[in-house]
Each structure stands twice: as structure tokens, then as C-alpha cells.
Amino acid sequence: MTSQPDTATRRDRVRRYYDRNAAAFERLGQGGASIHRAVWGPGVETREAAFHHVDELLLDILSNVDRRADVVDLGCGLGASLLYLAERADLSGDGITLSPVQAARAAELIARAGAADRVRVREGDYLALPDELAGQADLTFSIEAFLHSPDADGYFREAARSLRPGGRLAICDDFLASKSPPASARAARRLEEFRAGWHASSLITVNQVRTLAAGHGLTLVRDIDLTPYLELRRTRDRWISALVAAGRPLRLSGEYWQSLVGGDALQWVLLHDLVEYRFLEFERIR
């Protein structure tokens with residue numbers, strides 16, 4: 001039986017994945033520097049608003065802070081969410097990304113936005129946060145980044161360490177709908193394609209997340225199912241699905257091809273209720 005890759009190996013794979021694909025994701029994604037998914041939540045009427053619906057949920061949390069807020073983005077990508085928040089709220093923001101390519105590009109975007117005095121993105125590992133970030137954050141968040149963690153418990157340890165008492169942690173990501181094994185071989189294969197293609201080391205259920213978080217003094221206070229508001233099976237998605245089907249007999253490889261297969265598999269597992277896209281908010285109670 002093949003052993004699972006260790007934490008360092010999985011971390012390095014995620015770093016390499018974003019180093020090699022960051023430019024393509026920014027260029028080909030529909031959200032520009034925001035490489036997250038569009039969420040057509042209640043009241044959303046434009047595509048731009050859909051790409052920032054999750055950011056608006058974060059702003060709602062920050063509205064309860066009555067001074068300049070300290071915010072930490074774990075797995076920040078190009079820093080787009082931090083910049084969006086900084087344009088609309090009084091805050092100091094720190095972002096952590098494994099990818100030096102993303103960190104360098106984020107610095108360019110932050111400077112262009114004139115926000116370098118309030119927002120910083122650095123290369124680093126959110127499983128080993130700098131001591132200067134300990135106990136400071138009013139809000140720590142991850143959008144589509146928790147899933148990549150090679151150590152889910154370690155993620156909550158560091159996230160909790162970053163927060164001041166009463167601070168909030170928000171995670172928006174994909175979670176398993178059930179701990180039960182998939183009911184068919186096809187479902188199992190598609191779930192594994194998603195895990196492999198998107199380096200989803202921490203694909204677990206919300207109940208498992210709740211238990212891990214509680215072990216680090218974090219209580220789940222809000223859980224929003226955003227799955228019904230995602231765009232699934234768009235024309236673009238159907239073209240990718242057809243491309244993936246055509247490429248299977250050729251046994252194509254490469255990180256970008258893997259990401260296409262993983263993205264197509266994600267569509268399938270979301271449509272078949274194997275995975276849910278949820279927004280979770282925790283409070284640090286100790």
C-alpha cells in the first residue's frame with residue numbers, strides 16, 4: 001500500500017502548484033486578482049458583486065469592531081480580499097501565502113492600490129505563523145485555502161493563536177457532506193480526482209471541523225451553505241468537461257491539466273451532493 005505524502009511534501013506541492021499557475025489563474029479567471037469563485041448570494045445582481053460576496057460577509061464581521069481592526073488572511077493568494085476589505089474598512093491586514101510568486105505579485109497590486117501602509121502579503125506557512133501575529137487579530141480568515149492544509153488540526157492551532165480573545169475566524173471552502181464512503185465507484189473516483197487535482201489535503205466534514213476547532217478554543221457561531229449560489233455547469237464548465245473527457249484516453253499530465261480535471265470533478269461532486277461550499281464563522285472563547 002502506498003503511504004500518504006508527509007506534511008512537508010504536501011506543502012511543497014501546493015507551493016509549486018501556485019508558483020506555476022498563479023499567472024494563468026489571474027489571466028484566465030473571471031475575477032481578475034480575485035481567483036475565488038463567484039457566489040450569487042441574496043441581493044447579488046452583478047458578476048463583480050458575486051466575486052466579492054464572501055468578502056462582504058467578512059465586512060459584516062468587521063462592522064462589529066469599533067477601532068482599527070487587525071486582519072490576517074491565511075492562504076491569501078494575491079491579496080485581493082485584503083485589498084477589497086481595506087478599501088471599505090479601517091484595518092491593518094497581513095496575508096500569508098506559500099507561493100513566492102504570489103507574494104511578489106501581491107506586493108505589486110498592493111503598491112498600485114496605494115495600500116502598502118496598511119496591507120502586507122508575505123511568503124510563509126500558515127501552519128507556522130510569525131510570532132508577531134500571535135494574539136493580535138480581530139478577524140482571521142481563509143477563502144478556499146483551508147482545503148490545502150496538510151494538517152487540519154495544525155491550521156486551527158495557528159488560526160486560534162493569531163486571534164485576540166473574542167476574535168473571529170472565518171473559513172469559506174469545500175467540505176465533505178458526509179463521512180460515509182461514496183456510494184459508487186464513479187463517485188469515489190471523482191472525489192479522488194478533486195482531491196488530487198486541487199491538492200485538497202483537508203477535505204473533511206463540517207462536524208469534523210467543529211470538533212478540531214473546539215480543541216483550540218474556537219466555537220462555531222455561524223454556518224452558511226453557499227452551494228446553491230454557485231455557478232455550476234456554465235458553458236465554460238461544459239467545454240472544460242468535454243476537454244477532460246477527450247483527454248482521458250491520452251493520459252495527459254502536468255499541474256495545469258490536473259487542475260482542470262480537479263475543477264471538473266469539483267463541479268460533479270457539488271452537483272451530486274458529495275461536497276458543499278460553506279462559510280463558517282468561529283469565535284475564540286479562550
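Residues are numbered from 1 along each chain as its sequence is written. Because the model is predicted, local features need pLDDT of at least 70 and side-chain atom pairs count only at pLDDT 80 or more, while totals for chains, interfaces and linings use all residues; side-chain values use heavy atoms, with hydrogens and water left out.

Reader: Why is histidine 199 called buried?

Author: Buried means under 20% relative accessible area, exposed over 50%, and partly exposed in between, with a 1.4 Å probe and protein chains only. Histidine 199 has 12%, so the residue is buried. Histidine 199 is placed in the loop between helix H7 (185-197) and helix H8 (206-214); helices (H or I, at least four residues) and strands (E, at least two) are DSSP runs, numbered from the N terminus.

Reader: What is histidine 199 in contact with, leaving aside its neighbours within four places in sequence?

Author: Contact means heavy atoms within 4.5 Å. By that criterion the partners of histidine 199 are Arg13, Val14, Tyr17, Leu147, His148, Phe194 and Glu255.

Reader: What makes arginine 67 and aspartate 138 a salt bridge?

Author: The term requires a side-chain nitrogen of Lys or Arg within 4 Å of a carboxyl oxygen of Asp or Glu. In this pair the closest N and O atoms are 2.6 Å apart, and the two residues form a salt bridge. Arginine 67 is in the loop between helix H3 (53-62) and E1, aspartate 138 is in strand E4 (residues 137-143), and 71 residues separate them.

Reader: Why is the pair of arginine 164 and aspartate 70 said to tie together parts of the chain?

Author: Their side chains meet in a salt bridge at 3.4 Å, N to O. Arginine 164 lies in strand E5 and aspartate 70 in strand E1, so the pair joins parts 94 residues apart in sequence. Arginine 164, at 23%, is partly exposed, and aspartate 70, at 26%, also counts as partly exposed.

Reader: How do you know that strand E1 and strand E2 pair?

Author: Two strands pair if DSSP finds at least two bridges between them. Strand E1 (residues 69-74) and strand E2 (residues 91-97) have six bridges, in the parallel sense. Leucine 74 stands opposite isoleucine 96 in E2.
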